[in-house]
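I opened this notebook to record what I looked up, beginning with a strand pairing and ending with a ligand site.

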Amino acid sequence: MNADADVETGTGPVPALHDRAVACADRLRAADRVLLASHIDADGLTSAAVASSALERAGVPFETTFEKQLDRAAIERIARSSFDTVLFTDFGSGQLDVITEFDGFTPVIADHHQPADAETEYHLNPLLEGIDGASELSGAGASYVLARALGGEANRDLAGLAVVGAVGDMQDGDGGLSGANEALVAEGVAAGVLSEETDILLYGRQTRPLPKLLEYASEARIPGISNDESGAVSFLTDLDLDLKSGGEWRRWVDLTGDERRTLVNALLRHAISRGVPADRVNALVGTTYVLTDEEPGTELRDVSEFSTLLNATARYERADVGLAVCLGDRGPALDRARHLLRNHRRNLSEGLQWVKTEGVTAEENVQWFDAESRIRETIVGIVAGMAVGSSGVRHDLPIVAFADAGDGEIKVSARGSHALVRRGLDLSAVMREASCAVGGDGGGHDVAAGATIPADARDEFVDHADRIVGEQL
Ligand code: C5P
Ligand code: C5P
Ligand code: ZN
């Protein structure tokens with residue numbers, strides 16, 4: 001398994017990041033004891049899984065910890081834990097100004113968020129080399145680049161997890177992954193852990209019975225099928241296919257290639273006949289990613305279902321469960337994760353229903369809702385993203401969601417679209433500036449960002465956000 005030769009001479013999967021990755025890897029090898037600190041979402045968990053596998057294989061002693069938010073209090077906790085080196089994955093860049101105030105440890109950062117105005121020696125971030133951190137490389141991708149510098153080609157099997165992280169951060173926007181992420185896909189395919197397929201882009205190909213696959217695919221918004229149980233069933237029944245087995249509906253994964261083609265063609269025809277615009281019809285088919293070592297028909301086989309399973313753990317204070325699944329536990333941890341997934345799905349659907357019923361308030365340049373304690377602050381951003389496109393929520397305005405965070409604070413999550421980003425929207429700057437103005441802090445990506453603000457600052461925050469977005473667009 002020793003690939004030292006490659007470590008010395010190769011340029012790694014993302015050549016532009018190679019020098020930074022080698023510097024970070026050298027620092028980690030020289031450490032006495034590393035604290036690996038990561039973020040509590042799918043990308044953060046896969047980042048931690050990739051990094052911890054690489055550290056383990058390189059013989060570097062380490063411990064792992066997760067933080068919901070890398071705020072000053074969290075950084076103080078980390079500093080007190082007296083590790084000589086702290087590896088931050090999927091966060092750290094945005095908090096570099098605070099991190100560099102501490103001198104008890106050496107920070108090593110593998111992240112893809114907008115960096116704060118400060119510098120540090122061991123900093124691996126695609127944005128520093130002109131690679132888009134919102135769409136071309138995720139935290140898990142940056143961690144993978146680091147893992148390759150630590151262990152060479154022997155670590156290519158970790159590319160599958162890196163792709164789960166990228167898809168968890170919704171980097172597969174335009175029908176598949178692009179940019180640096182494609183190099184990671186190629187490495188996963190070469191290592192035999194990943195396969196790339198052109199397929200229908202509905203969530204639940206592995207696990208959902210066909211009527212549910214169609215009915216719940218609300219993002220597709222096909223009249224007479226999406227959010228329409230009897231419509232979905234009659235669409236399937238009218239096809240000349242045998243879609244039940246033993247009285248039960250089959251799943252997408254159970255269909256033959258011919259059956260899938262027939263179904264896709266019928267679905268596209270149906271969508272066109274119901275007036276769905278061509279760009280949305282085309283978006284029904286794209287590139288999907290399958291983890292070839294995982295059991296077909298499970299939540300782990302398809303990277304997008306895998307990433308949802310991970311969010312169902314880490315966003316509910318069970319990052320340990322998600323990490324164990326990433327590291328190969330297919331027993332108790334997977335059972336627990338499946339249980340958490342049912343709960344997560346219920347919360348998402350109740351949250352979405354609440355937003356639909358209550359509606360959003362449209363300002364000039366942003367629309368917003370305040371779920372208070374009705375939606376958990378750790379998933380309010382996911383709900384906000386899903387709400388876009390449902391009745392009453394506009395496509396042409398960014399959405400800002402609030403939820404109670406306890407301790408006299410409110411969590412803010414903002415989501416935009418690539419079309420808005422092309423017109424100048426940068427939600428990371430909006431969240432940073434608007435939160436600063438009211439005594440909070442925030443950051444993230446141009447298309448998705450967040451903040452924490454004092455509980456009484458909501459309306460003032462909306463005013464600032466509305467004005468800043470207006471200036472950007
Ligand atoms: O902290 P991190 O970078 O891992 O989180 C990114 C967040 O942004 C995820 O919750 C992801 O779903 C969201 N996102 C989004 N739409 C995009 C890109 C990212 O909602 N186009
Ligand atoms: O929490 P949410 O999913 O809305 O986060 C969206 C993005 O904003 C993530 O990349 C997250 O890391 C970032 N964020 C941040 N600072 C905050 C809250 C969120 O950088 N205070
Ligand atoms: Zn991320």
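This is a predicted model: local features need pLDDT of at least 70, side-chain atom pairs count only at pLDDT 80 or more; totals for chains, interfaces and linings use all residues.

Entry 1, the parallel sheet. I looked up His39 and found that its bridge partner in β2 is Glu67. I then noted that strand β1 (residues 34–39) and β2 pair in the parallel sense over six bridges; two strands count as paired if DSSP finds at least two bridges between them, and strands (E, at least two residues) and helices (H or I, at least four) are DSSP runs, numbered from the N terminus.

Residues are numbered from 1 along each chain as its sequence is written, chains are lettered from A and ligands numbered from 1 in the order in which they are written, and side-chain values use heavy atoms, with hydrogens and water left out.

Entry 3, the hairpin. I found that β14 (residues 441–444) and β15 (residues 448–454) run antiparallel and are joined by four bridges, and that the two form a hairpin with three residues between them. I noted Gly450 in β15 as the bridge partner of Gly443.

Which residues come nearest to ligand 2? Of the 16 around it, I listed His113, Lys411, Ser413, Arg415 and Gly443, counting a residue as near if one of its heavy atoms lies within 4 Å. Among the polar contacts (pairs of N or O atoms within 3.5 Å), I noted a side-chain N or O atom of His113 at 2.7 Å from a ligand 2 oxygen, and a backbone N or O atom of Gly443 at 3.2 Å from an oxygen atom of ligand 2. I then noted that the elements giving two or more residues to the shell around ligand 2 are β13 (409–415), β14 and β15, and that β15 gives the most, with five residues.

How values were computed. A polar contact is a pair of N or O atoms within 3.5 Å; within protein, one must be able to donate a hydrogen and the other to accept it, and residues adjacent in sequence count only if both atoms are side-chain atoms.
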